[in-house]
Amino acid sequence: MQDTIQKLRSIANDATLSPAQKRHYLSLEAENMLPYPTLDAETQEALDQRVICDMYEGHAPYKPRYVLPDYSIVLAQGSEYLELPAPETLDEAINTLMIAYHHVPSVTGIPVYIGRLDHLLLPFCDDISDEDLYEKIKLFWRYLDRTLPDAFMHANIGPTDNRVARAILRVDAELKQIAPNLTFLYDPQASGDEILAIASNNIVECCKPHIANHPVHAAAFDERGYGIVSCYNVLPIAGGASTLTRINLKEVALRSSGEDDFFAHQLPRYLDLNFRLTQSRIDYLFNESNFFQSFLVEERWIEADRFTAMFGVFAMAEAVNALQEKEARAGRYGFDEEANALGHRISAVLAKAVDGRPLNNAWRGRALLHSQAGLSDDVKATPGVRIPYGTEPDPVTHVEALSPHHQYYSSGISEILTVDESVRNNPEAIQQLCKGAFARGFREFTVNVASNDLVRVTGYMVRLSDIRKFKEQQGSRTNTTVLGAEAADVTGILDRKPRVVGNELYPGHSQ
Amino acid sequence: MSSTQATVSKILTYSIVDGPGNRLVIFLQGCNFNCACCHNPHTIGECNHCGECIPACHVDALSLVDGRIAYDPLACDHCDACLEVCPISANPMVRDYSVAEILELAREYRPFLTGVTVSGGEPTKQLDFIIELFRAIKADKELAELSCFIDSNGHLGAPGWENVLPVTDGVMLDIKSFDNPTHQALTGMQNVKSLESARFLHAAGKLYELRFLLIPGKTDSDAELDSLIGFVKELGADTRVKLNAFQHHGVKGEAIGWEKMTEVGVDRAAERLRAAGIDNVATPAVYL
C-alpha cells in the first residue's frame, strides 16, 4: 500500500505533466488496483513473463480499446442524447463532429478515429468557396490539435480526389501539427495521380499522410467499410476493437529448441494462451462492464457485434534471427532470402491459427491478425514484422523483403520506409514507391524523410524539439511527446537512420 | 537485336537523385574525362588485365583466366580493396550485361520505376548499347512508359546525339567549368564539346538539367558564376540548373586535400543565379 501511495503521490506532484495528464495516469493506477479478469494459471504465467501481453490496457476493460463511430449517423440525424439537431451547414456539421468526439471513448480517453472527413463533410460544401473551405478546415485542425492533443487521434481521407481532401492536405502541410494523424486511402483506379502527387509533397513537408491500399483493405471488410485509426489499426466502421493483445515472437523463439519445436509446440502453445487472455478481456467488457448500455449503441453510432479483437505479434525480426542461430544458419532477417522465407512462414501459420479459432463476442466470430508496432518499454524487440531500426535496406529492397507478410495482417501492418532528404528535390519518387509497394501487395506504409522535426514514432508523430524541451523539464502539451521521450530513451529510436520507431502505448506513469 | 553488351560498373534499382522519380540506374564503366574531383573514380578506367588487384583480394574472388581478370561475385564481400590498388582507376568487378538482361531487370522492378538512367563513367562512350537499350524499352509494351535519361559530361558530338535523342527523354549534363584552362586542369579536356552539347540538347528540347559542380577556390568565383548565368540565359532562363557541392565522399588523390563546398556557399551561388533571373535552381538536399 505504501508503494501505491508513493506512486500516486509522484504522479500528483510530477513537474512535467499537466493536470489532465495526471488525472489520466491516476485513473490508470486506480483501475489497476482492481483484480485482473479471471485467467487460468498458465495464461497468467505467460502474461507475467510478458511472452504474451495485454498492452497494459488495464485490469477492468470498461471500454473497448478502439471505437470507430459511424459519424454519418450523427451528421444525418443529430443526437437525441446530446440534444443536437441534424446539421444543415458546413459550420454546423463541423461543430457536431467537434462535440461528438468528446463522447467517444478509447484506451487513452481521446478518440482514435475522427472519421473519413472528406466523405463526411463533402455533402455540406456545395455553396462553400475553396478559400472559405480552407479557412474553416484550418480552424477545425487547430481545434483538434489543441483540445485533443494526441497523435493516436486519426483522420482518414480518400480514395477520391475531392475539394475537402485537398483542403485538408493543404492545411496539414501548412500547420505541421502532430495531431490529427492522417491517412490517405489510395485506390489506383479512383484516386488519380494528382492527389497522390499532393500527398507526396505533404510527406516531404511533414511526413504525413500515411498511405493505405484502399482496394486491399476494402476487400477485407464489409459494405459499412473500415477506418484506419490510432497507429495504423484497420477496423470495422460502427465498431472497433475490444482489445489488443500480442505475442512476443522473440520470447517464443527463445523458448524453442529449434525451428521444429517452435512450429510444433511453442508457437501453438502461446497462440492458445494469447487467445485465452483475449477472450477473458472480451468477456469482462461484454458481460460485466455495461459498456454497451451507452447512447452510442442506442443511437447506432456503434454496434456491439462489430467489435473485433486484435491479435498482435511483434519482434518477428528477433524471432527469425534467434531461430536462424539455433539452426546454425547465418542469414539475417530482412537481408537473406531463407531468413525472410522463415518469417513469411511464421506469418502464414499465425494467420491460419487466428482464422481457425472462434471467439465469443467478436466481429465474424474471429480475431484479426495485427503486426503490432510496439510499446515504449520494448527493449530489443522490433515492432511487428519490421526490419530492426537503423539497419533497413533501401526502400525498394525493404518492400521486397516484407511484402509477402502483408496478405496476412488484415487489422494492420504499419511499415516505415525511410527516404533520405534528396527526395525534397524529387517528391515524384514517393509516388513511384507507393505504386511499387502497392503493386507488391503492401497494405499501407509511412514514408519518413530524414531530418524533419516532425517525425513518426511508430504510428504517431512527435516533434524532436518537443522531446528536447520535455527532457529539460518544461513539460509537453501533447500526450504523445511523453511516449516519444520514453521510447527515445529506452529503445534507441533516435538512433534509427532517420529516426522513427515503434511504440504504440505508454503503459503508465513511470518515475 | 539484344546481342549488344555493355561493361557495367554497378546497377541500382533505387535511386532518387538521377532524374525524376525513382530510377533504375546503370553505371557504365569508362570515362573520357579524368576528373580529380570524381566521386566515383573507379568508373573512369577500363581494365587492362594487369592482375595487380589479385593479391589485394582477401577472399580470392579475383583471378587471371586466359590472361583476363575473372571475378567471382559470390565470393566477393565488397570490401573494395581491389579498387584502392588499381593503378588506372578501373574496376575488376565490372560485369558485361546484354540489353536483354537489363530489360529483364526493368520488368522485374517495373512497378517501382519512373524510368531508367544510364550514368557512368561516361555512358555515351557505349552509345550503341544505350541506343539499343532505349529503343527496346520504347518498343516494349510493359516498359514503354519508362522515361529514358542519360547522365553525361557532354563530350559527345552532334552526330552521336542525333542518333540517341530519338529514343531519349532527357539528358542531365555536367559543365565542370566555363573557363577553359580551369576545365582542362579539372578534367584533362577542353570544355568546347560540352558547351556545344548543352546548346544542342537544349535546342532539341532534351536538356533536362544543367549541372554545375561548385568547388571552393576553383569553380565558385564570381566570374565562373557570371559565365554560368550568361550561358543559362543564352539557353533560356527557365533551364533547370542543379548546383552540386564538392564533397570528399568517394574522392581519391589530390582532391581529398581540396576544401569542401559548404551549404552557405551553395546558397550564396544559388541566390546570385536567382537574382539574375534564373528561377529553376536546385541545390543539394544533403551535405555529407
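**Salt bridges, strands and the interface**

Modeller: Let's start with one residue: R224(A) is partly exposed, with a relative accessible area of 27%. Buried would be under 20%, exposed over 50%, and partly exposed is in between, using a 1.4 Å probe and protein chains only.

Colleague: What kind of model is this?
Modeller: It is a predicted model, where local features need pLDDT of at least 70 and side-chain atom pairs count only at pLDDT 80 or more, while totals for chains, interfaces and linings use all residues; side-chain values use heavy atoms, without hydrogens and water. Residues are numbered from 1 along each chain as its sequence is written, with chains lettered from A and ligands numbered from 1 in the order in which they are written.

Colleague: Back to R224(A). Which residue does R224(A) form a salt bridge with?
Modeller: E303(A), with the closest N and O atoms 2.7 Å apart. A salt bridge here is a side-chain nitrogen of Lys or Arg within 4 Å of a carboxyl oxygen of Asp or Glu.

Colleague: Where do E303(A) and R224(A) lie in the chain?
Modeller: E303(A) is in the loop between α13 (295-298) and β10 of chain A, and R224(A) is in the loop between α10 (214-220) and β7 (226-229), so the pair ties together parts that are 79 residues apart in sequence. Helices are DSSP runs of H or I with at least four residues, strands are runs of E with at least two, and both are numbered from the N terminus.

Colleague: Is E303(A) buried or exposed?
Modeller: E303(A) is buried, at 17% relative accessible area.

Colleague: How many salt bridges does a search of the whole structure find?
Modeller: 41, over all chains. One of them joins the side chains of E57(A) and R281(A), at 3.2 Å from N to O. That pair links distant parts of the chain: E57(A) is in the loop between β1 and β2, R281(A) is in helix α12 (residues 259-287), and they are 224 residues apart.

Colleague: Are E57(A) and R281(A) buried or exposed?
Modeller: E57(A) is buried at 6% relative accessibility. R281(A) is buried too, at 2%.

Colleague: And E421(A)? Which side chain does E421(A) meet in a salt bridge?
Modeller: R424(A), at 3.1 Å from N to O. E421(A) is buried at 18%, while R424(A) is partly exposed at 31%.

Colleague: Which residues are linked in a network of salt bridges?
Modeller: D40(A), E42(A), R269(A), D272(A), R276(A) and R357(A).

Colleague: New topic. How many helices and strands does chain A have?
Modeller: 19 helices and 15 strands. Of its 511 residues, 64% count as buried.

Colleague: Tell me about β9(A). Is β9(A) mostly covered or open?
Modeller: Mostly covered: β9(A) spans residues 239-248, and ten of its ten residues are buried.

Colleague: Which strand do eight bridges join to β9(A)?
Modeller: Strand β10 (residues 307-314) of chain A, and the two run parallel. R246(A) stands opposite G312(A) in β10(A). For pairing, DSSP has to find at least two bridges between two strands.

Colleague: Which strands pair with β9(A) in the antiparallel sense?
Modeller: Strand β1 (residues 52-53) does, over two bridges. There the bridge partner of C53(A) is R246(A). Strand β2 (residues 66-68) does as well, over three bridges. L68(A) in that case has G239(A) as its bridge partner.

Colleague: What about β7(A)? Which strand pairs with β7(A)?
Modeller: Strand β8 (residues 233-236), antiparallel, over four bridges. V229(A) is bridged to N233(A) in β8(A). The hairpin has three residues between the strands, and S230(A) takes a positive phi near 50 degrees. Both faces of β7(A) are covered: Y226(A) and I228(A) on one side, G227(A) and V229(A) on the other, all buried.

Colleague: Now chain B. How many residues of chain B are in contact with chain A?
Modeller: 21 residues of chain B are in contact with 22 of chain A. Contact means heavy atoms within 4.5 Å.

Colleague: What is the area buried between chain B and chain A?
Modeller: About 1,700 Å², with carbon and sulfur atoms giving 61%. Y14(B), I16(B) and F112(B) supply 41% of the area that chain B buries against chain A, more than any other three residues. Buried area is the accessible area (1.4 Å probe) that two parts lose on being put together, summed over both.

Colleague: How many salt bridges cross the interface of chain B and chain A?
Modeller: The rule finds zero.
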